Amino acid sequence: MGDVQHFAGPPDWLWYILAYFFLAGLSGGSYVLATLLRLRGAPGDEPMARIGYYIAFPPMVLAPILLALDLGQPLRFWHMLWNTTPGHPGVNFKYWSPMSIGSWALIVFGAVTTVSFAASLVRDGKLRLPLVTWLDNRPFNVFGSLFGLFIAGYTGVLLSVSNQPVWSDTWALGGLFLASGLAGSAALMLLLTRFRPEARPSAGMLSVSERLYALLELALIAVFALTLIAAGTQGQVFGLPWLVLWLVVLAGLIPGLYGLATERLSPNGAAALRHSLAVPLLVLAGVLALRAAVIFSIQV
Amino acid sequence: MPHITPGQAYGFFTDTSVCIGCKACEVACKQWNQLEGNAPSFLDGFDNTGRLDAENWRHVQFHDDVPDETLSEGNGKAWLLMSDVCKHCKQASCMEVCPTNAIIRTEFDSVFIQPDVCNGCRNCIAACPYDVIGASHTTGIAQKCTLCYDRLQNDMTPACAKACPTESIKFGPVEELRRTAVERLQTLHAQGVTQASLYGHDEKVYGGLNAFFLLMDKPEKYGLPDERNAVLPSRNNAGGYLTAAVTAVLGVLGGLIALRRRREKVSSEDG
Ligand code: SF4
Ligand code: SF4
């Protein structure tokens, strides 16, 4: 069996798309972690949960703007949702096209994060809008988390549903982006505890989950590499200069993996991650580098 | 030719064995479709077009197959020439992924990008296995061969086929073209041209290509995936989502484990 043949040309999905993939991972991941803290945590976890809901919102404001700017005809962004074919008006929804489902999921998740963001403001006494706290209940957060998981991961599936080298040679990208989004979200939430000391009791939980997500991400990078070796396209994404980005990705996994090796699942080591500015930023750099390596190596 | 009638499948049979690389098809296409073209790129042979894209809807490929030294008299192979074009695939990858439904099948069974519906997301570019589509710098939308939709509606043969002096590009009802192709292949084989083969004339490649070819070498030589590699983007939906779903479950579990460890710590400290 020879290598997979590829003759498709690059779609030129570059900086806007990189930014979107990064933000989608962090927004979705933060929402999920916030919900876990609210649902299963102690009352003392609520401040950290709100940090998560605060983080989840701004990317969802930026995301549609970035995606529209990337279009050749930005003002036609709504054509994603509504079929303007003469004589065939109606909703556009193609479950087999991740870009089509993603457009709808973005709308739902955008609304969900807006409500949870506003509800956090109300609960923090910064806003008076009782309606949103009534809406932002546990079932709502669970519902939102499902969309959060989707938004953080579907971007990888979108790349795979193509005929591009590397992207279409693997089934690991959706999971990989999701795992890295979760790891990055845990790091970002920890980073922001410096502005909200009352969230510190939850730092241990985030630190432990960050370790587990780093391990999950590493496993998925291995699966990704193996699927590419089977297709014969590994050289394109792991070769130079992209190897530099992969080194950043690995560096971003080191805090988590080192924590796992030394502290295992003990939440005591959280202090290191919380007090350091560099460590969470390194994790976030890894999240960005992963997406950059996957997106750019195929197209430039 | 009899009238061009809607409801019937039309296409091209491009016979590369008679192509002389004159590029009349490229010129006629640009002129009729008012395509500006790109700045010339000086490539191998006489190719200064480079590739199919928003400005080039026909592209004559030049492949230098002449050995540096002839092995024996008459043994040198010639240039391989091929006028490439959108294949108007029966199972079209571009159409499959397009989120706006801008890509439609017309009454002539051709694959057409509606310029007023497309929003330039370029998903189709990532999907087309033949690298046919390009995003226009002027209009911002995806553009490719329309099988001269406007000409067909007015009972006129597409410009490229009309211009081709060697009839390398034949236009007509797909059924008729298929018969012509089989006959032509038999003639070539009878003449000892055994390397000649048909590509896309049956369902093996994307359910059949309405624009299919007679080739003088392996498909991959011309940038065409062979039967095994002619696959649709949607094949990756199931695996992609499944891995993401498993990761999601593991991710939530990881969070729950972390919460539990923390609670154990809190309770052991309390106790
Ligand atoms: S050749 Fe490419 S652009 Fe043409 S119909 Fe097939 S997939 Fe679409
Ligand atoms: S660029 Fe246009 S034709 Fe291509 S997938 Fe996007 S909307 Fe459809």
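Which residue of chain A forms a salt bridge with Arg122(B)? In this predicted model, the partner of Arg122(B) is Asp70(A), with the closest N and O atoms 2.9 Å apart. A salt bridge is defined here as a side-chain nitrogen of Lys or Arg within 4 Å of a carboxyl oxygen of Asp or Glu, and the count between chain A and chain B is one.

Local features need pLDDT of at least 70 and side-chain atom pairs count only at pLDDT 80 or more, whereas totals for chains, interfaces and linings use all residues. Residues are numbered from 1 along each chain as its sequence is written, chains are lettered from A and ligands numbered from 1 in the order in which they are written, and side-chain values use heavy atoms, with hydrogens and water left out.

At the interface, 66 residues of chain A are in contact (heavy atoms within 4.5 Å) with 62 residues of chain B. About 5,100 Å² is buried between the two chains, and carbon and sulfur atoms give 55% of this area; buried area is the accessible area (1.4 Å probe) that two parts lose on being put together, summed over both. Of the area that chain A buries against chain B, Gln5(A), Phe7(A) and Asn163(A) supply 13%, more than any other three residues.

Between chain A and chain B, 36 residue pairs are in polar contact, both residues being at pLDDT 80 or more. A polar contact is a pair of N or O atoms within 3.5 Å; within protein, one must be able to donate a hydrogen and the other to accept it, and residues adjacent in sequence count only if both atoms are side-chain atoms. Several helices of chain A, including H1 (15–40) and H3 (98–123), each supply at least two residues to the side that touches chain B; H7(A) gives the most, with seven residues. Helices (H or I, at least four residues) are DSSP runs, numbered from the N terminus. This side of chain A divides into 36 nonpolar, 23 polar and seven charged residues, where Ala, Val, Leu, Ile, Met, Phe, Trp, Tyr, Cys and Pro count as nonpolar, Asp, Glu, Lys and Arg as charged, and the others, Gly among them, as polar.

Both ligand shells comprise residues with a heavy atom within 4 Å of the ligand. Ligand 1 is surrounded by 14 residues, the closest being Cys86(B), Lys87(B), Cys89(B), Cys94(B) and Cys128(B); by class, 10 are nonpolar, two polar and two charged. Around ligand 2 there are 13 residues, of which Cys98(B), Thr100(B), Cys118(B), Cys121(B) and Cys124(B) are the closest. The shell of ligand 2 has eight nonpolar, four polar and one charged residues.
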